[in-house]
Number of protein chains: 6
Amino acid sequence: MKLVIKVTGKFFDDLGDKAPLSASIKSLVEEGHRVALVTGGGSTARKYIGLGRSLQLNEASLDLLGIWVARLNAFLMAMSMPDLAYAKVPENLEQFLEYWGHGKVVVVGGFQPGQSTAAVSALVAEAISADYLIMVTTVEGVFDSDPKKNPNAKFLPRVTTAQLKTILESSQSVKAGTYELLDPMAMKIVERSKIRVIVTNVDRIGKITRILKGEEIASIVEPV
Amino acid sequence: MKLVIKVTGKFFDDLGDKAPLSASIKSLVEEGHRVALVTGGGSTARKYIGLGRSLQLNEASLDLLGIWVARLNAFLMAMSMPDLAYAKVPENLEQFLEYWGHGKVVVVGGFQPGQSTAAVSALVAEAISADYLIMVTTVEGVFDSDPKKNPNAKFLPRVTTAQLKTILESSQSVKAGTYELLDPMAMKIVERSKIRVIVTNVDRIGKITRILKGEEIASIVEPV
Amino acid sequence: MKLVIKVTGKFFDDLGDKAPLSASIKSLVEEGHRVALVTGGGSTARKYIGLGRSLQLNEASLDLLGIWVARLNAFLMAMSMPDLAYAKVPENLEQFLEYWGHGKVVVVGGFQPGQSTAAVSALVAEAISADYLIMVTTVEGVFDSDPKKNPNAKFLPRVTTAQLKTILESSQSVKAGTYELLDPMAMKIVERSKIRVIVTNVDRIGKITRILKGEEIASIVEPV
Amino acid sequence: MKLVIKVTGKFFDDLGDKAPLSASIKSLVEEGHRVALVTGGGSTARKYIGLGRSLQLNEASLDLLGIWVARLNAFLMAMSMPDLAYAKVPENLEQFLEYWGHGKVVVVGGFQPGQSTAAVSALVAEAISADYLIMVTTVEGVFDSDPKKNPNAKFLPRVTTAQLKTILESSQSVKAGTYELLDPMAMKIVERSKIRVIVTNVDRIGKITRILKGEEIASIVEPV
Amino acid sequence: MKLVIKVTGKFFDDLGDKAPLSASIKSLVEEGHRVALVTGGGSTARKYIGLGRSLQLNEASLDLLGIWVARLNAFLMAMSMPDLAYAKVPENLEQFLEYWGHGKVVVVGGFQPGQSTAAVSALVAEAISADYLIMVTTVEGVFDSDPKKNPNAKFLPRVTTAQLKTILESSQSVKAGTYELLDPMAMKIVERSKIRVIVTNVDRIGKITRILKGEEIASIVEPV
Amino acid sequence: MKLVIKVTGKFFDDLGDKAPLSASIKSLVEEGHRVALVTGGGSTARKYIGLGRSLQLNEASLDLLGIWVARLNAFLMAMSMPDLAYAKVPENLEQFLEYWGHGKVVVVGGFQPGQSTAAVSALVAEAISADYLIMVTTVEGVFDSDPKKNPNAKFLPRVTTAQLKTILESSQSVKAGTYELLDPMAMKIVERSKIRVIVTNVDRIGKITRILKGEEIASIVEPV
Ligand SMILES: Nc1ncnc2c1ncn2[C@@H]1O[C@H](COP(=O)(O)OP(=O)(O)OP(=O)(O)O)[C@@H](O)[C@H]1O
Ligand SMILES: Nc1ncnc2c1ncn2[C@@H]1O[C@H](COP(=O)(O)OP(=O)(O)OP(=O)(O)O)[C@@H](O)[C@H]1O
Ligand SMILES: Nc1ncnc2c1ncn2[C@@H]1O[C@H](COP(=O)(O)OP(=O)(O)OP(=O)(O)O)[C@@H](O)[C@H]1O
Ligand SMILES: Nc1ncnc2c1ncn2[C@@H]1O[C@H](COP(=O)(O)OP(=O)(O)OP(=O)(O)O)[C@@H](O)[C@H]1O
Ligand SMILES: Nc1ncnc2c1ncn2[C@@H]1O[C@H](COP(=O)(O)OP(=O)(O)OP(=O)(O)O)[C@@H](O)[C@H]1O
Ligand SMILES: [Co+2]
Ligand SMILES: [Co+2]
Ligand SMILES: [Co+2]
Ligand SMILES: [Co+2]
Ligand SMILES: [Co+2]
Ligand SMILES: [Co+2]
Ligand SMILES: [Mg+2]
Ligand SMILES: [Mg+2]
């Protein structure tokens with residue numbers, strides 16, 4: 001299968017070991033899957049966006065700072081899999097397609113201002129006609145409202161894109177570094193190309209095979 | 001002033017003379033403005049998207065075909081201003097910024113699947129903190145509904161982004177080559193960076209200075 | 001075997017299905033051949049050259065417009081074989097050699113002003129020491145005069161480069177977009193590197209294996 | 001004059017305002033100087049080198065992580081001077097020379113494993129035949145031993161490269177991220193091309209003109 | 001005026017001072033001309049082509065070796081004019097056009113197998129609509145037969161392209177490294193774009209202004 | 001095993017056949033090893049450095065000339081192994097890593113001013129975690145003093161890096177083109193990453209397998 005795995009930037013916030021992610025991708029490859037990995041920016045991105053804001057950079061430049069940090073996280077993961085991963089981080093979709101043609105794992109940070117790394121992962125999934133886009137987040141999956149804000153949010157094991165859109169609509173924002181789950185661009189791509197999305201928690205990063213079999217907690221978003 | 005001019009791809013559909021566009025940009029530069037030009041793909045883009053669809057390409061690849069044609073139109077215009085324009089068409093925003101730093105007119109086609117050339121022009125306008133984004137279209141300006149579908153559509157000389165969003169909402173589509181006026185990505189950029197947008201007709205391509213003075217028919221979209 | 005297939009730009013003029021070309025290359029690869037594909041520009045190239053001429057571009061720029069369209073056709077075909085073809089169209093011979101080293105089908109449009117796509121295909125054939133250069137044209141093969149101008153032209157199943165040179169000499173022209181069959185540059189490369197050239201009709205695009213076996217109408221040009 | 005300013009990575013460690021650095025460079029340019037800026041990696045570099053080490057990356061890869069962070073700092077500063085600085089961060093000396101030829105401020109992070117950003121700044125200074133290499137550090141200037149380790153270290157307003165070499169010799173180390181002041185590579189370049197080096201404190205980042213006039217605390221290293 | 005100066009590779013064969021060439025270009029620039037310089041490969045090219053031939057490389061690869069050496073000569077001259085010349089040697093015509101747009105002297109070696117550096121200089125002259133293409137050779141100008149082979153060859157101060165073609169026709173060869181004066185490709189470009197060519201001797205490299213005024217020995221080739 | 005082979009530039013000085021080197025690498029690859037080849041510049045490098053010096057280029061530019069020639073030698077060897085070697089010569093370590101990921105032989109000339117090709121080979125060996133770095137020189141191996149200067153120098157079959165450092169210390173110089181055996185940068189990399197170095201004579205270029213088995217004259221440098 002062709003899999004796109006998008007990992008929250010928060011995974012890179014602390015100094016905890018990142019080896020489980022490399023190991024997880026390694027075993028997926030050994031099982032015969034092709035994998036593209038997309039990394040977010042996390043707190044380092046927010047630090048640099050903060051520095052940029054105090055230098056009065058415009059929104060495009062702030063987004064570019066966040067993109068650079070996401071690429072740094074991508075580079076770290078690529079370096080951790082020297083035999084498996086393409087040695088460079090593609091900086092746009094055309095470059096991604098060129099590297100992907102090499103039969104290797106391709107690790108991606110951001111592409112362009114104005115879109116989240118979720119949108120990047122949707123673009124990548126569409127371009128390779130991926131079987132699944134797996135979003136590895138800080139929450140358990142999709143809830144009926146933001147679980148970080150609402151402790152009573154209800155976990156949804158299965159949700160349509162239409163339902164998800166209604167849930168997210170109120171909470172979206174487009175200031176640099178503040179997109180959530182699936183921004184409108186990501187949603188559009190997922191819908192027009194009917195990409196199947198799985199949302200799960202970063203704790204389960206080592207269990208992607210089990211997730212694909214439905215043996216781990218995760219939500220599945222069905223495009224309709 | 002820093003101006004981004006987005007010209008409809010339909011301008012390149014026939015064999016009519018394209019010199020008025022080069023001349024218009026030349027005189028803007030001579031008046032001391034800096035200009036970025038963004039070109040759409042038009043019927044040639046649609047032809048290639050059609051060829052691609054019969055080859056069963058996915059949406060991302062179809063968009064890339066449209067992007068290539070938009071870049072071809074951009075290249076034609078750049079070649080027509082050898083002393084004024086940067087000799088290469090940037091293929092993403094980072095490249096655009098590099099070329100823009102050369103003090104020349106930069107001519108852009110598309111950047112990335114999933115977004116219209118209108119979104120490209122908004123990204124460019126944001127990145128350079130443009131004074132105006134001028135959309136040169138096949139219609140007179142903004143109407144209260146699509147004038148191509150509704151002959152009774154009313155011309156709106158002034159409209160807020162909020163109003164425009166309401167007007168466009170129903171009619172948006174994201175199949176390759178079918179975006180209209182401002183797609184959601186373009187709208188978002190315009191809103192978050194408060195970019196002033198002017199919409200006018202391709203017949204007035206030689207009168208941009210007059211448009212900026214409010215002496216020609218055009219709509220102004222105010223970000224709020 | 002190593003094969004270079006040069007397809008006339010006219011193949012891309014209408015909206016007819018281009019799948020037979022992809023299919024043909026696919027089966028050649030499955031039979032164990034390595035394939036480079038070179039595409040011409042066709043009527044879209046002529047359209048843009050016309051637009052350029054009315055903008056008073058010089059010959060070099062007009063050729064570049066034709067080259068861009070040839071590359072667009074090349075990109076279309078590359079996208080139609082995502083598993084087989086290198087995802088980028090090389091823009092010069094050095095880039096071609098880099099991509100060719102990846103073991104994939106490489107699809108090429110033009111390289112440089114002043115030479116036809118026939119010359120491009122000869123350069124490519126020489127650089128990879130190809131077994132055959134197959135020119136897929138709008139005619140049945142080589143005739144004793146241009147069959148488009150002379151209805152009594154006689155088909156020649158076998159011709160030496162020396163004979164062909166005599167036949168073509170009178171009719172050659174170097175205005176952008178008007179080269180025919182083999183321009184002088186192509187001829188020279190074919191001669192100095194003794195490249196075997198086969199000329200056949202675009203209708204037989206799905207029968208290249210049969211052509212190689214001599215079971216289909218085609219002319220063979222022998223370098224001497 | 002042609003100036004290379006190397007700023008310690010520690011300058012980017014906190015969220016304090018970085019505007020004094022941009023302002024300082026801006027006024028140097030307005031005074032007619034040409035400026036290249038080289039930024040270190042600081043604590044973010046050390047964080048990523050730590051992450052890399054727990055992933056068991058080799059020394060070359062760890063250095064590359066530090067280089068990426070230095071480039072991120074460089075990019076931040078380049079973005080803060082959109083009218084003055086070249087919009088891209090060069091990744092090696094040849095690229096640096098290309099950008100430098102544009103007459104703009106060029107901002108550089110690291111180039112290559114095995115050398116400190118001090119070596120990068122010496123390479124840059126040599127390549128442009130700079131008048132001064134100004135090292136903006138966390139200390140007041142050159143001391144007769146490392147002032148961070150020895151509170152009784154004596155400040156040296158003037159020192160030859162030969163003397164400095166003797167002072168630094170014992171304390172040098174080449175583990176990624178642990179070079180100090182001038183590593184052997186930097187020293188060699190400084191010596192062979194007789195580059196004049198000034199060492200001063202990051203607090204005086206806004207007073208470089210005064211430093212050049214000898215009106216601020218700083219050490220000058222004379223090549224002999 | 002826009003001038004293209006093509007210097008024989010033999011100029012780089014010995015260790016004699018190359019400063020007169022840099023000085024000559026410098027004074028042309030100071031007089032207000034724009035200059036592109038094209039360098040041949042000379043004996044070092046022939047050495048490497050010889051090494052390649054004993055390694056049984058094909059003609060394309062041999063030409064590439066000669067091209068690399070021509071680029072090395074170009075790089076030497078570019079480095080000798082750090083304030084005047086673009087710091088990189090373009091490797092194809094599109095890159096040349098990009099660098100040329102920077103307003104600097106651009107120094108070129110070869111572009112592509114199958115053509116001489118004379119063809120390169122003609123392509124460059126056409127692309128920038130040059131006023132003159134000045135060929136700086138080992139002979140005094142154009143003769144009625146090759147002066148190296150025929151001591152009685154008659155010097156021709158003025159010759160049409162048609163006449164020159166007749167003169168050269170017999171002696172042309174296309175083995176790597178053996179083109180002379182104007183190869184067929186160069187001739188074609190010169191003819192189709194009516195480029196005025198001046199042929200003179202390398203001894204007069206410091207007198208190009210005088211040559212342009214007709215005050216030094218040189219032949220002028222008139223395109224008809 | 002992963003092997004880095006560094007061949008002295010002097011190997012390319014004469015017109016003698018270079019096929020034994022290609023053949024040697026071919027057989028190493030057939031035995032299952034991965035190979036990176038690093039070539040020096042030799043007398044052609046010295047010629048161009050001489051030309052540059054008479055043009056008063058600075059040390060950085062002189063080094064770049066030497067680097068270009070080393071790359072030319074690298075390109076020659078890459079072209080001689082079209083099926084085995086990556087078709088381009090990487091110009092820095094990051095590019096090297098990208099090409100190396102393709103599973104091919106990668107041939108490298110120089111990277112950057114201020115370091116010898118020996119340093120380049122050490123950087124490459126470190127980056128790929130090579131098993132051995134094999135230095136193919138004009139001498140038999142390591143001696144207790146420079147055998148070119150001291151005819152009584154004693155051959156050392158086994159030496160530690162610490163011992164070698166002591167031996168070389170006095171004789172090192174950093175003028176362009178005059179580094180010897182292992183410059184300080186190379187030494188540092190070898191030490192910090194504990195790279196095993198073998199030094200042997202260019203006459204044994206066809207016997208690398210035997211050298212690895214200890215069956216040919218060579219010195220081994222042990223990092224301690
Ligand atoms: N309310 C509206 N007011 C004005 N135009 C509208 C409105 N709703 C839809 N449109 C459409 O927006 C289009 C804007 O013109 P334009 O030619 O730029 O289209 P385009 O598809 O973006 O072109 P291209 O992508 O080829 O550059 C018109 O075709 C118009 O019919
Ligand atoms: N003696 C000849 N035998 C065969 N074809 C000839 C001869 N002389 C001229 N021609 C012309 O050569 C052309 C070869 O066909 P083809 O379609 O490949 O042309 P093309 O101009 O190279 O196309 P493109 O440049 O768009 O790829 C035909 O148009 C044919 O009329
Ligand atoms: N004799 C000395 N005189 C002055 N500084 C010394 C001396 N010996 C060692 N040092 C150290 O050199 C360092 C120079 O400061 P700086 O902040 O530039 O360090 P750095 O490691 O190069 O930073 P970065 O690599 O992040 O840019 C100081 O930390 C200082 O302690
Ligand atoms: N009729 C002619 N008049 C003048 N020169 C001629 C003629 N026929 C042949 N030649 C040759 O053309 C060559 C032009 O000189 P030049 O040194 O430029 O040669 P080149 O091979 O192009 O050099 P490079 O390729 O190394 O740049 C001379 O060697 C000369 O002998
Ligand atoms: N103690 C020593 N043992 C062996 N060689 C030594 C020693 N000291 C100096 N050398 C010199 O090191 C050189 C190593 O040979 P090699 O040909 O590789 O030189 P090189 O300068 O690195 O070549 P290039 O830079 O052109 O690749 C010899 O010229 C040798 O004289
Ligand atoms: Co559109
Ligand atoms: Co530039
Ligand atoms: Co440091
Ligand atoms: Co020549
Ligand atoms: Co590749
Ligand atoms: Co050496
Ligand atoms: Mg043709
Ligand atoms: Mg040497």
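In the predicted model, the shell around ligand 3 draws at least two residues each from β5 (142-143) and α6 (161-169) of chain D, where helices (DSSP runs of H or I, at least four residues) and strands (runs of E, at least two) are numbered from the N terminus. Ligand 3 is surrounded by 23 residues, the closest being Thr8(D), Gly9(D), Phe143(D), Asp146(D) and Lys148(D); a residue is counted here if one of its heavy atoms lies within 4 Å of the ligand. By class, this shell comprises eight nonpolar, ten polar and five charged residues, with Ala, Val, Leu, Ile, Met, Phe, Trp, Tyr, Cys and Pro taken as nonpolar, Asp, Glu, Lys and Arg as charged, and the others, Gly among them, as polar. Oxygen atoms of ligand 3 lie 2.6 Å from an N or O atom in the side chain of Thr8(D), 2.7 Å from a polar side-chain atom of Asp146(D) and 2.9 Å from one of Lys6(D). Of the 630 Å² of accessible area that ligand 3 has on its own, the protein covers 91% (Shrake-Rupley method, 1.4 Å probe).

Ligand 4 is likewise surrounded by 23 residues, and Lys6(E), Thr8(E), Gly9(E), Asp146(E) and Lys148(E) are the closest. In chain E, β5 (142-143) and α6 (161-169) each contribute at least two residues to this shell. The side chain of Asp146(E) places an N or O atom 2.6 Å from an oxygen atom of ligand 4, whereas for the side chain of Lys6(E) the corresponding distance is 2.9 Å. A backbone N or O atom of Gly9(E) also lies 2.9 Å from a ligand 4 oxygen atom. Ligand 4 taken alone exposes 640 Å², of which the protein buries 91%.

Between chain B and chain C, 29 residues of chain B are in contact with 29 residues of chain C (heavy atoms within 4.5 Å). About 2700 Å² is buried between these chains, with carbon and sulfur atoms giving 76%; buried area is the accessible area (1.4 Å probe) lost when two parts are put together, summed over both. Leu55(B), Trp68(B) and Leu72(B) supply 25% of the area that chain B buries against chain C, more than any other three residues. No salt bridges are counted between chain B and chain C (a side-chain nitrogen of Lys or Arg within 4 Å of a carboxyl oxygen of Asp or Glu).

Residues are numbered from 1 along each chain as its sequence is written, with chains lettered from A and ligands numbered from 1 in the order in which they are written. For this predicted model, local features need pLDDT of at least 70 and side-chain atom pairs count only at pLDDT 80 or more, while totals for chains, interfaces and linings use all residues; side-chain values use heavy atoms, leaving out hydrogens and water.

How values were computed. A polar contact is a pair of N or O atoms within 3.5 Å; within protein, one must be able to donate a hydrogen and the other to accept it, and residues adjacent in sequence count only if both atoms are side-chain atoms.
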